[in-house]
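Dear colleague,

I am passing on the structure we spoke about, and below it you will find my notes on what turned up. Please read them with the structure open beside you.

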Amino acid sequence: MVAHRPRVLIAEDDPDTLVILRVNLNAAGIEPMLAGDGHTALERIQAESPDAVLLDVLLPGIDGWQVLEELHATGNRVPVIMCSGKNNVHDLQRARELGAVAYLVKPFDIDRLIEVTSEVVGLRTTDVAAEPGTAADTELA
Amino acid sequence: MRNHRQSEPDRLRRDARVAGLRDFQTPSLEAVEQRRRQLWQRTATALALIAALVVTFAIIPSNRLAAPGTGRILFVIVALGGGLFLWAFHKETALERLTRSLTDERVLTAALTNRLHEVSLLLDAGKQINAHLQMDELLDTILRNACELLDATGGSVMLVEETDLVTVCALGRDAAVGQRMRLGEGVAGYVAIRRDPVLIDGHADPELFPGLVLREPYVESAMSVPLVHRAELQGVLNLNAPIGRSFTEYDLRALAVFSEQAALAIANARLYEAERAHVAALLDLRTRREAG
């Protein structure tokens, strides 16, 4: 019997990070889908309706913010976990306003990323609490 | 449950076998699409035949339908149709998985190709920059390469002179050359003090950038990066986007990487200038001694 595995789109331009995330998500029972730029990410979200999106801010073509804005504007409610190298309140606020469910600051701990992703797709029910006093590693919803 | 730890090539081969792609040595999305078309053409033909048989039975006079075994044949035909549809659906599921896996492989290949292209562009730009030791030529090369690399219409290079930033090279706004601003003033001054790259999209906020002078023509999108070598600030590199295009965080990162090479080249050119001045001073001293 083929069990349903939640599908998560990884939108990331760095090939090393793509491979690392793919291997780790696969091992965690999540089916990864890949997108190396903003256009591909939008196309695959619309065509294949993943259960969640790991969205890097730095993407060629249209960046992560533009992808998030497009999803927000078109009313697409796919849960988005933003991944960024910046840890500032302004970006955190922007992600929240555009409907992202979590904001992870790079370089991220892979176990933490898996934990947050698993909860977002419903594989776990543990509470993903915000670390006090920091914008990093924060659940926004 | 499927084995999650199965390697990607193994999964591809397994799905290809299930989908009926037995000669799947070189996986391609085109081959999968061809197989999908073939599968549904054959299935549609077979289902049409089955439907024709069912219709034929329907129009046979009712007294002949009562013959022994007729109902069983009808049942077998309908069951065959159902089985055929399930078989096609099973193949389609494998083909879908194959399409997803092959799309992922294409994404990975494209990401690697893009990265190689970027590295190659940066290497080329680095080679061109490092071919110059004369400051004027170097600054011009830096600005032109940065504009080409990021498809910018213009920009400027500002160098640190004591507590000021001086525009020493400009593209698109030649009048800007020679302009001076204090460190901390405007966007470039902010970048120089914070040593953080800044991306401006739309109007820059005067509260964030004290001493900001709004320029004409108005620039919709711009980037400023510090030129830092061995913790020493050399200056600031500014780029302006063409009308209708906005720079992204991705462009900003590329410019930041480029600026590291530019800062190194500027530091080398400054050392070269200082060395030349030193040699000239020594030669002058020797000439004076010989004359005296």
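A residue is called buried here when its relative accessible area is under 20%, and exposed when that area is over 50%. Please also keep in mind that this is a predicted model.

Strand 5 of chain A runs parallel to strand 4 of chain A (residues 80-84), and four bridges join the two. Between these strands, A:Cys83 stands opposite A:Leu104.

The contact between the chains draws on 32 residues from chain A and 19 residues from chain B. Together chain A and chain B bury about 2300 Å² between them, with 55% of that area on carbon and sulfur atoms. On the side of chain A, the residues that lose the most area to chain B are A:Pro15, A:Arg22 and A:Leu58, which together account for 22% of what that side buries.

As for charged and polar pairs, the rule finds seven salt bridges across the interface of chain A and chain B, and eight residue pairs in polar contact, both residues being at pLDDT 80 or more. One of the salt bridges is formed by A:Asp13 with B:Arg253, whose closest N and O atoms are 2.8 Å apart. The elements of chain A that each supply at least two residues to the side touching chain B are helix 1 (15-27), strand 2 (31-35), helix 2 (38-48) and helix 3 (64-73). Of these, helix 1 of chain A gives the largest share, six residues.

B:Thr167 lies in strand 2 of chain B, residues 164-171, and it counts as buried because its relative accessibility is 4%. Leaving aside residues up to four places away in sequence, B:Thr167 touches B:Ser156, B:Val157, B:Met158, B:Ala176, B:Val177, B:Gly178 and B:Gln179. B:Asp124, by contrast, belongs to helix 4 of chain B, residues 70-130, and counts as partly exposed because its relative accessibility is 38%. From B:Asp124 to B:Thr109 the separation is 15 residues in sequence and 22 Å in space, C-alpha to C-alpha.

With best wishes

Key. Residues numbered from 1 in each chain as written. Chains lettered and ligands numbered in written order. Predicted model: local features only at pLDDT ≥ 70, side-chain atom pairs only at ≥ 80, totals over all residues. Heavy atoms only, no water. Pairing = 2+ DSSP bridges. Buried < 20%, exposed > 50% of the residue type's maximum accessible area, 1.4 Å probe, protein only. Contact = heavy atoms within 4.5 Å. Buried area = accessible area lost by both parts, 1.4 Å probe. Salt bridge = Lys/Arg side-chain N within 4 Å of Asp/Glu carboxyl O. Polar contact = N/O pair within 3.5 Å; in protein donor to acceptor, adjacent residues only side chain to side chain.
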